[in-house]
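Welcome, and please load the model in your viewer. We will go from one selection to the next and look at what is there.

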Amino acid sequence: MGEKHLAVVVLAAGEGTRMRSKTPKVMHELAGLPLLGHVLATATSLGASHVIPVIRHKRELLTEYINAYFPTSNIAHQDEIPGTGRAVECGLAQLPADFDGAVVVTSGDVPLLDVPTIEALLDAHLAGDFAATILTSFADDPSGYGRIVRKADGSFVQIVEHRDATDEQLEIAEINAGIYVFDAAKLRAALQKVGSHNAQGEKYLTDVASLLLADGDSVQALAIADNWLVAGINDRVQLSEVAAELNQRICEAWQMAGVTIQDPASTWIDITVQLGEDVTLLPGTHLKGFSSIGEGATVGPEVVLIDSQVGERATVVKSHVTASKIGAGASVGPFSYLRPGTDLGADGKIGTFVETKNAKIGAGSKVPHLSYVGDAEIGEGSNIGAGTIFANYDGVAKHSSKIGSHVRTGSHNVFVAPITIGDGAYTAAGTVVRRSVAPGELAMNVAPQRNLADWVISKRPGTQAAEAAQKAKN
Ligand code: UD1
Ligand code: CA
């Protein structure tokens with residue numbers, strides 16, 4: 001993409017007091033990204049020569065995030081003078097003094113704004129001789145937003161903030177979305193004239209509009225049809241409303257791409273997730289982070305998948321899976337807990353009440369019931385008996401175990417790591433395996449069983465057990 005003669009200023013310096021949070025507002029998560037991540041991804045996609053996030057509150061945290069994920073952006077720091085107007089002024093200071101292109105201003109707390117909407121706004125701006133073009137919307141509940149004041153003929157007059165509005169102006173349903181295109185030079189000049197004589201004592205960006213008009217420049221305000229695209233997030237109620245709407249849109253997009261989603265309302269899919277065709281998602285499924293699901297796999301009901309890969313045709317039922325890989329055709333659950341580093345091979349199985357961690361389980365191998373597999377490598381086609389514990393921790397250090405291919409281990413085993421069990425070996429039920437087992441050997445360390453005749457009848461006389469035993473003998 002060629003760089004356009006365009007700068008995008010992203011306002012993100014505010015504290016976001018209405019969130020009542022230690023986390024700055026723009027770092028609150030929405031569908032797998034911080035609010036700021038959504039806005040910077042959009043800003044970056046416009047192909048501008050400069051993307052300028054303006055920050056102040058919790059600047060170290062924001063700087064770290066921006067440098068990690070949007071390293072080409074040009075961070076601007078707002079000084080102690082408050083207000084959106086001052087924020088833009090600080091942003092403009094990052095531009096070369098002779099920059100005379102268009103400046104798009106977006107807000108770090110308006111996360112659903114998309115590239116086509118900004119491009120349409122930009123086209124409308126460049127189509128005439130406008131000093132400013134303002135994006136607006138008609139809100140069902142305009143409270144909190146700046147109102148768009150127009151003349152009877154519809155031409156734009158000014159933006160009045162909610163807290164500065166008259167009762168009559170509060171009736172106006174058309175609101176300022178907080179998204180603008182400006183002519184750089186005119187914006188710079190107008191900002192110098194903006195004062196702070198308003199209810200919040202701040203330097204409002206919104207005052208630029210009427211100042212430009214007073215100077216004889218043209219300003220237009222254009223309404224958007226889809227209100228969600230400009231929904232601003234100021235508190236946690238709005239955060240959850242926008243999250244639900246975005247999730248519904250993500251689900252719909254995947255349904256159109258060939259994914260069956262039985263209940264979109266209870267299925268949560270981060271914007272970063274990838275799904276193949278003919279994937280089926282059952283209710284209560286949360287797909288988070290950099291997770292992916294291959295063609296024809298079925299996930300759910302009630303599965304949490306975090307940064308994990310599910311192969312084609314695999315099934316995952318009622319399970320919690322983090323930073324793990326599930327091979328093609330494999331099956332997981334119900335009630336499995338896959339912790340980081342689990343790598344289940346093709347057609348393998350991790351079954352009911354099984355916990356795994358840093359465990360490579362080869363193709364076709366099965367851990368079906370009630371087990372813990374930690375720091376282990378299991379070959380192909382092996383079966384781990386019910387109730388097996390890989391004892392990987394000696395109280396000081398972790399050790400690993402290696403189980404070969406086509407091994408059959410008995411129920412209720414403990415593998416005391418470090419240990420190796422060779423290909424084709426067996427272990428007997430109840431074995432505590434402390435020494436390595438060579439290929440083809442049977443390991444057993446269970447003491448020979450002794451049965452003490454009539455023990456119950458003589459030691460527990462008068463009990464129901466003793467009576468039953470006596471009756472069986474008669
Ligand atoms: C702003 C607009 C309002 C509009 C609304 C749309 C102003 C004065 N008002 O109000 O007309 O309807 O957005 O969502 O512009 N910020 C800074 N530095 C500051 C203050 C704010 O960078 O000193 C940033 C915030 O981090 C936020 C954005 O600017 O991302 C908007 O600030 P906020 O305080 O939420 O403004 P609103 O009251 O919503
Ligand atoms: Ca806001």
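Before the first stop, a sorting rule: Ala, Val, Leu, Ile, Met, Phe, Trp, Tyr, Cys and Pro count as nonpolar, Asp, Glu, Lys and Arg as charged, and the others, Gly among them, as polar. This is a predicted model, in which local features need pLDDT of at least 70 and side-chain atom pairs count only at pLDDT 80 or more, while totals for chains, interfaces and linings use all residues. Residues are numbered from 1 along each chain as its sequence is written, chains are lettered from A and ligands numbered from 1 in the order in which they are written, and side-chain values use heavy atoms, with hydrogens and water left out.

**Stop 1: the largest pocket**

Select Arg18, Lys25, Thr84, Asp109 and Glu202. Of the 41 residues that line the largest pocket, these lie nearest its centre. A pocket here is an open set of points on a 1 Å grid over the protein atoms alone, with protein on both sides within 12 Å along at least five of seven lines; a cavity is a set of points where a 1.4 Å probe fits but cannot get out, and lining residues have an atom within 4 Å of a point. The largest pocket holds about 1200 Å³ of space, where grid points are joined across faces, edges and corners and a volume is the space filled by probe spheres set on the points.

Next, colour helix 3, strand 6 (102-107) and strand 10, the elements that give two or more residues to this lining. Helices (H or I, at least four residues) and strands (E, at least two) are DSSP runs, numbered from the N terminus. Strand 10 gives the largest share, four residues. By type, the lining of the largest pocket divides into 14 nonpolar, 18 polar and nine charged residues.

**Stop 2: ligand 1**

What takes up the space of the largest pocket? Show ligand 1: the space it takes is the largest pocket (a molecule sits in a pocket if more than half of its atoms lie within 2 Å of its grid points). Helix 3 (84-92) and strand 10 (174-183) are the elements that give two or more residues to the shell around ligand 1.

Now select Gln78, Gly83, Thr84, Glu161 and Asn176, which come nearest among the 22 residues around ligand 1; a residue is near if one of its heavy atoms lies within 4 Å. The shell is made up of eight nonpolar, ten polar and four charged residues.

Lys25 has a polar side-chain atom 3.4 Å from an oxygen atom of ligand 1, and for Asp109 the corresponding distance to an oxygen atom of ligand 1 is 3.2 Å. In Asn234, an N or O atom of the side chain is 3.4 Å from an oxygen atom of ligand 1. The protein buries 89% of the 750 Å² that ligand 1 exposes when taken alone, by the Shrake-Rupley method with a 1.4 Å probe.

**Stop 3: the second largest pocket**

Select Ala139, Asp141, Tyr145, Trp228 and Ala231, which lie nearest the centre of the second largest pocket among its 15 lining residues. About 400 Å³ of space lies here. Helix 8 (residues 236-256) gives the largest share of the lining, three residues.

**Stop 4**

**Stop 5: backbone details**

Most residues other than glycine have a negative phi, and most peptide bonds are trans. Go to Gly333 and Pro334, joined by a cis peptide bond with omega about -5°. Then find the cis bond from Ala417 to Pro418, with omega near 0°. Finish at Glu302, where phi is positive, near 55°, in the loop between strand 18 (298-299) and strand 19 (304-306).

Conventions: Polar contact = N/O pair within 3.5 Å; in protein donor to acceptor, adjacent residues only side chain to side chain.
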